[in-house]
Amino acid sequence: MTSGSIIYVDVSVKRGELIGIKRLTAMATVTLSVLFTACSREAEKSELTIYAMDTVMSLTVYGDDADRLTAQASARINELSSLWAAGDTGSEVGRLNNGEEVELSPETTELISFSLAMGTQTDGALDIRLYPLMKEWGFTTSEYNVPELNRLNELLDMRGDIHISGSTLALPQGTEIDLGAVAKGYTGDILYEMLSEAGVTSAILDLGGNIHVIGGKPDGTPWRLGIKDPRADGNIGVLELYDGAAVTSGDYERYFEDDGTRYCHILDPKTGRPAANGLCSVTVVGKEGRLCDALSTALFVMGSEDAERYWRSHNDFQMILIEIDGDILITEGLEHSFTLSDGTNSKVQIIRS
Ligand code: AMP
Ligand code: MG
């Protein structure tokens with residue numbers, strides 16, 4: 001199970017004390033009604049915690065009909081999850097990996113097409129064809145193993161080009177995919193659209209550390225998200241977010257240690273080894289969850305310098321990079337929405353265009 005990297009922090013809950021979603025969830029996984037002071041009428045709040053896509057997800061929706069909408073959102077998550085579970089022989093991705101020609105759902109077609117485009121755009125840092133390597137390292141079973149160099153090269157060489165046109169797809173022989181780097185971000189976009197269309201103007205969807213928010217909190221103020229300290233309990237800082245997505249990739253989410261070396265679940269497609277380019281956490285903030293998710297993984301692979309370069313040549317996202325030595329780099333668009341936690345000694349540098 002992965003641990004969430006960003007947690008929803010609600011300071012209004014109790015006496016100014018920071019309370020993370022996990023504790024909130026423990027306190028109340030059932031629907032609660034709260035009084036909206038902003039509009040002085042009772043409005044519904046619905047909270048639901050589910051386990052899907054290998055992680056814990058918490059949905060909090062405000063407004064009339066919130067209960068029904070959270071249930072609908074949860075059903076939709078399960079539906080999408082059953083399309084993309086790479087290890088499930090019945091899922092669309094599982095069948096592709098089994099060498100079958102598959103009639104794809106529109107969602108899978110879109111997600112694979114998007115991932116391939118992002119692969120090109122990130123110069124190969126995002127590569128959905130690493131499933132055989134994920135298996136070899138043991139990340140799919142938690143039976144970890146450090147593979148021989150030859151074996152890694154052999155598996156990297158087996159990747160074939162994927163061409164997607166129309167709705168059926170067969171993968172080149174030996175190629176197996178895994179949409180783990182983008183699936184939760186795209187799911188967030190689908191839920192965002194679904195809930196917005198149903199009239200929701202205030203919601204927070206925590207899809208295992210991929211956070212998607214609709215509007216602000218019911219009182220109109222931004223949501224406050226805790227950015228996890230990659231090397232200690234608690235948050236390194238708090239990010240305020242109003243309407244959009246914030247997605248973190250970190251080397252502490254899923255990893256193993258062998259002989260004093262940490263091996264994390266994000267692989268560098270150039271080497272087939274866990275990415276080790278100086279970063280331990282990357283948070284990407286933007287409008288679209290799928291973009292944030294794809295980039296959090298890809299920028300983690302690239303390392304600070306290339307990530308900075310990438311940011312300068314694209315102006316559709318902001319980011320927070322935490323380096324292994326503890327330094328924090330923040331792009332200028334987040335300068336006023338990120339606050340370092342008290343007692344954190346990290347040096348913060350603002351990246352300007
Ligand atoms: P994320 O937590 O979004 O960074 O995604 C990490 C997951 O994506 C891993 O658990 C793998 O399933 C998969 N993955 C690992 N490395 C890569 C990569 N370089 N490109 C695409 N997917 C990857
Ligand atoms: Mg990702």
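In the predicted model, His212 is found in strand β8, which spans residues 210–214. With a relative accessibility of 3%, His212 counts as buried, and beyond the residues up to four places away in sequence it touches Lys184, Gly185, Gly188, Asp189, Ala203, Ile204, Leu205, Leu207, Gly244, Ala245 and Gly289.

The packing of two helices was examined next. Helix α4 (residues 106–121) packs with helix α8 (residues 289–302) at an angle of about 45°, and their axes are 11 Å apart; α4 and α8 are therefore oblique to each other, and their crossing is right-handed. On the α4 side the contact involves Glu110, Phe114 and Met118, which meet Arg290, Leu291, Ala294 and Leu295 of α8. Sorted by class, this contact of α4 with α8 comprises five nonpolar and two charged residues, with no polar ones.

Across the whole structure, a search finds nine aromatic pairs. In one of them, the ring centres of Trp84 and Tyr186 lie 5.8 Å apart with the planes at 35°, so the pair is tilted. Because Trp84 belongs to helix α2 (residues 66–84) and Tyr186 to helix α7 (residues 183–197), the pair ties together parts that are 102 residues apart in sequence. Both Trp84 and Tyr186 are buried. A stacked aromatic pair is formed by Phe256 and Tyr263, with 5.1 Å from centre to centre and 25° between the planes. Phe256, at 8% relative accessibility, counts as buried, and Tyr263, at 8% relative accessibility, likewise counts as buried. Phe256 and Tyr263 also belong, together with Trp137, Phe139 and Tyr144, to one aromatic cluster.

Definitions and conventions
Residues are numbered from 1 along each chain as its sequence is written. Chains are lettered from A and ligands numbered from 1 in the order in which they are written. This is a predicted model: local features need pLDDT of at least 70, side-chain atom pairs count only at pLDDT 80 or more; totals for chains, interfaces and linings use all residues. Side-chain values use heavy atoms; hydrogens and water are left out. Helices (H or I, at least four residues) and strands (E, at least two) are DSSP runs, numbered from the N terminus. Buried means under 20% relative accessible area, exposed over 50%, partly exposed in between (1.4 Å probe, protein chains only). Contact means heavy atoms within 4.5 Å. Axes are lines fitted to C-alpha atoms, for helices over the stretch in contact, and angles run from 0 to 180 degrees between N-to-C directions. Angles under 35 degrees count as roughly parallel, over 145 as roughly antiparallel, 65 to 115 as roughly perpendicular and the rest as oblique. A crossing is left-handed if the near helix is turned anticlockwise from the far one by less than a right angle, and right-handed if clockwise. Ala, Val, Leu, Ile, Met, Phe, Trp, Tyr, Cys and Pro count as nonpolar, Asp, Glu, Lys and Arg as charged, and the others, Gly among them, as polar. Rings of Phe, Tyr and Trp (its six-membered ring) pair if their centres lie within 6.5 Å; planes under 30 degrees apart count as stacked, over 60 as edge-to-face and the rest as tilted.
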